[in-house]
Structures are given as C-alpha cells and as structure tokens.
Amino acid sequence: MQTPLADFAVQDAALQPVRDKVLSGKRLSFEDGVALYRSHDLLAIGALANHVREQRHGDAAYFVWNTHINHTNVCVATCDFCAFAARPGEARGYTMGLPEILANVEGLPQAVREVHIVGGLHPDLPWSYFLDMMRGIKRVRPDIHIKAFTAVEIFFFHRLYRMGVEQVLAELKDAGLDSMPGGGAEIFAKATRDQIIKGKADEKQWLDVMREAHRQGIPTNATMLYGHIESVEDRVDHLLKLRALQDETGGFVTYIPLAFQPWEAPAMKLPETTGFDDLKAIAVGRLLLDNFPHIKSYWIMIGPRLAQVGLSFGADDIDGTVTEEKIAHDAGAPTAQSMTVHELVRLIREAGRRPVERDTVFNVVKEW
Ligand code: V47
C-alpha cells in the first residue's frame, strides 16, 4: 500500500522543494541532486525513493541466478582504485583459455541464466578469442544470456583491433553477446577522473559506446563508483549524464551504485563508505534517474544486510547469486563470493518484499 502523500514529512527544509517535485512527478535538477546528497535527512530521502520504487514495482524485489567470469586480469590501464588488474608481465596476471571458460559454463547448474563476463584490457589477445568465447558459450549453453564487456573494454577493442565501435559491437552481437554490464563508468567528471584513471575510455567515449550499443538493440547497465575522491557535484553530474543519454536511447536497464572497496586498493588509502552514504547512493539514484527502470542494491559491495535495507530505499533489485566475484574481492571486500538463491529469497522476504527471480532483462522466471 502506498504511503499517503501527507506522510512524507521532511526534517531538512532544503528538501522541501525536492519532496514537492517528487510527489508531483516533476524531474529533479542538478541543485536538487546536490541538496539530496548533502542532506542528513536519510529517512525522508529514503521514503521519497521508496515511493518512486513502489509506484514502479510495487512490492517486487528482483534477483537473478548468475555467475561471473573474469577471463583475464591483465590490464594496460591504471586505475588507482583497482586491485584486480595486473600489469602485462606481472606474475599475478592470468588469462583463461577458451577450453577452461567453456568447461566452466558447461558445468553450471541449468538454473543459471546469466553469465557476466568482464576482464582487464589485455594488449595481446587476438580478436578471435572474444568471438570464439561468445560462440563457444552459446554452443555449450544456447539458453544462457551473455552479459559481457564494459564500454571501456569495447572502446579498447576498437582501438586495438582497429575497427569502428559499431563493427566491434555488431560482430560480438552476431557471435552471441546479449547485453553489456555497466562497469567502467567510474566517475565522469574529468578533473576527478584524470586523477585516478590513466589509459582508458573517458566520459564521452564511454557514453558513445553505450549510445551505439543501444542503437544496435544491445541493452546495457550503468554504474557509478562512489566513496573515493569524488565530490557531491561530481556524483550529480555523473547521474545527470546517464539520465540525458537514457532520454536519447532508452537502452539502460539498471543503475548500480558501486561502493569503493578500499582495503587492498593499490593507490588510494581511504576509509570504506558508511551506511548513510550507501543508502543515499541508492535513494538518490532512484530519484534522479527517473527514466531508469531498475536500481540495484549490490550486496557484493555493501554487504547483504545493507543491500536488504536498500530494498526500502529505492532499490528493486539485489543482483544475484554471483559466484566467484573477483573485482571487489581482490580489493579486500569482506562479503562472501556467492550467495544461494535461498539466502537471497530470505533477505527479500524479511524486507517485506516479494521475491521475483528474473532473467537479465527482467523477464520473470519464477515468483518465489
Ligand atoms: O568497472 C573496481 C569497479 C566495476 C573497485 O552491470 C571497484 O550488472 C569498488 O561494473 N571498489 C566492475 N568498485 C563491477 C561492475 C558490475 C558489478 C555488478 C553488476 C554489474 C552490472 C556491473 O567494479 C569496475 C569498477 O567500476 N571497481 N575496483 C573497488 N576497489
């Protein structure tokens, strides 16, 4: 049941105009976004985001039975926050052969519907490695959805193999790529991005790849890495750029705020994010991204307990079983590397939500 409008009382006067806009379905501005992030009136922010979430999705909370494959950690880019990447030639670098990848996929339980594939920017793999990976996976599991390669990887392929982004995407799609994950966006604002990232796609290049993917009918997600050196203004700028592209294409499915995992990050000695920050990241995402269908509360990054609370702060999705997550865990994430469907269902039920198993593009697989 929806909360009566009169019940959305805000303690922070700066939120009053935001409240009025949200309740009358008006679009929020840059200044509204800044006011939301600066406010400590977490319950009011959460109630507003929950209102929008319930208008869209009622009491459903989605999850997917998925697995991650990180085919290589060898990477020519330098991201100060990333503990996963290994420089070419470094001893801890690895690259999975295609037989190993295909054996992994073949060994997956039939219930797994999505394979999420991302890797480092490896300078020496042939283009055929990626096409054969797509074709091979579809050969051993024709029904599985391949969500693979961030916009940063696609941009790298375009440069390395000297093909247009258009052709890179068309060939991958033809070989079996179904959708793309939202990673690599980090934070768009140039002054901040340039301080922490060297050698990978910038804001415009990331957005251009996504625009082309959407044009070709490839749905994608979008992320923002927060809790490092970015400012509140950088966050709002990032979200409004995602919203503008979504106005143009409608191709984004889910927004996933990614909490910086600091423990083993090579060049950023910072504390971990706090509960307030994590819940605000979800709620403000829901409020500013009025044209995104779904907002994810990603348990890998914020822990299952807070991810569960996120389902009352604007999120309608809790990702999935995951299995063998490496990027956050190489950075020291204290969460488990996978979760069973029964644990996910319990988290959702105890949050008062209705667990709905979905596929990658939110077709309902099963009501639990
Ligand atoms: O692109 C790297 C980030 C991303 C750290 O689209 C870090 O469904 C936090 O994008 N702390 C990969 N984050 C993960 C990702 C993702 C995850 C789940 C679902 C989806 C989806 C996408 O992880 C990278 C980078 O932005 N990352 N290092 C770190 N220390």
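The second largest cavity holds about 30 Å³ of space in this predicted model. Its lining consists of Tyr 226, Pro 257, Asp 278, Ile 282, Lys 296, Ser 297, Tyr 298 and Ile 302. By class, five of these residues are nonpolar, one is polar and two are charged. The count of cavities of 30 Å³ or more comes to two.

The largest cavity has a volume of about 90 Å³. Its lining is made up of 14 residues. Nearest its centre lie Lys 147, Asn 221, Val 253, Thr 254 and Thr 360. Strand 7 and strand 8 each give at least two residues to this lining. The classes here are five nonpolar, five polar and four charged.

Now the open space. The largest pocket has a volume of about 900 Å³. It is lined by 48 residues. Phe 81, Cys 82, Gly 184, Glu 186 and Ile 327 are the ones nearest its centre. Several elements supply two or more lining residues: strand 3 (78-79), helix 6 (151-160), strand 7 (220-226), strand 8 (252-259) and helix 13 (327-330). In the lining of the largest pocket, 25 residues are nonpolar, 13 are polar and 10 are charged.

Next, the ligand. Which residues come nearest to it? Of the 23 residues around the ligand, they are Phe 81, Lys 147, Gly 182, Glu 186 and Gln 261. A polar side-chain atom of Glu 186 is 2.4 Å from an oxygen atom of the ligand. A polar backbone atom of Gly 182 lies 2.8 Å from a ligand oxygen atom. At Gln 261, a polar backbone atom is 2.8 Å from a nitrogen atom of the ligand.

Last, look at Thr 220, a residue of strand 7. Is Thr 220 buried or exposed? Its relative accessibility is 1%, so Thr 220 counts as buried, the cut-off being under 20%. The side chain of Thr 220 makes a polar contact with the side chain of His 214, at 2.8 Å. Leaving out residues up to four places away in sequence, Thr 220 touches Met 180, Met 210, Ala 213, His 214, Gly 251, Phe 252, Val 253 and Thr 254. Among these contacts, Val 253 and Thr 254 also lie among the residues nearest the centre of the largest cavity.

Conventions
Residues are numbered from 1 along each chain as its sequence is written. This is a predicted model: local features need pLDDT of at least 70, side-chain atom pairs count only at pLDDT 80 or more; totals for chains, interfaces and linings use all residues. Side-chain values use heavy atoms; hydrogens and water are left out. On a 1 Å grid over the protein atoms alone, a cavity is a set of points where a 1.4 Å probe fits but cannot get out, and a pocket is an open set with protein on both sides within 12 Å along at least five of seven lines; lining residues have an atom within 4 Å of a point. Grid points are joined across faces, edges and corners, and a volume is the space filled by probe spheres set on the points. Helices (H or I, at least four residues) and strands (E, at least two) are DSSP runs, numbered from the N terminus. Ala, Val, Leu, Ile, Met, Phe, Trp, Tyr, Cys and Pro count as nonpolar, Asp, Glu, Lys and Arg as charged, and the others, Gly among them, as polar. Buried means under 20% relative accessible area, exposed over 50%, partly exposed in between (1.4 Å probe, protein chains only). A polar contact is a pair of N or O atoms within 3.5 Å; within protein, one must be able to donate a hydrogen and the other to accept it, and residues adjacent in sequence count only if both atoms are side-chain atoms. Contact means heavy atoms within 4.5 Å. A residue is near a molecule or strand if one of its heavy atoms lies within 4 Å of it.
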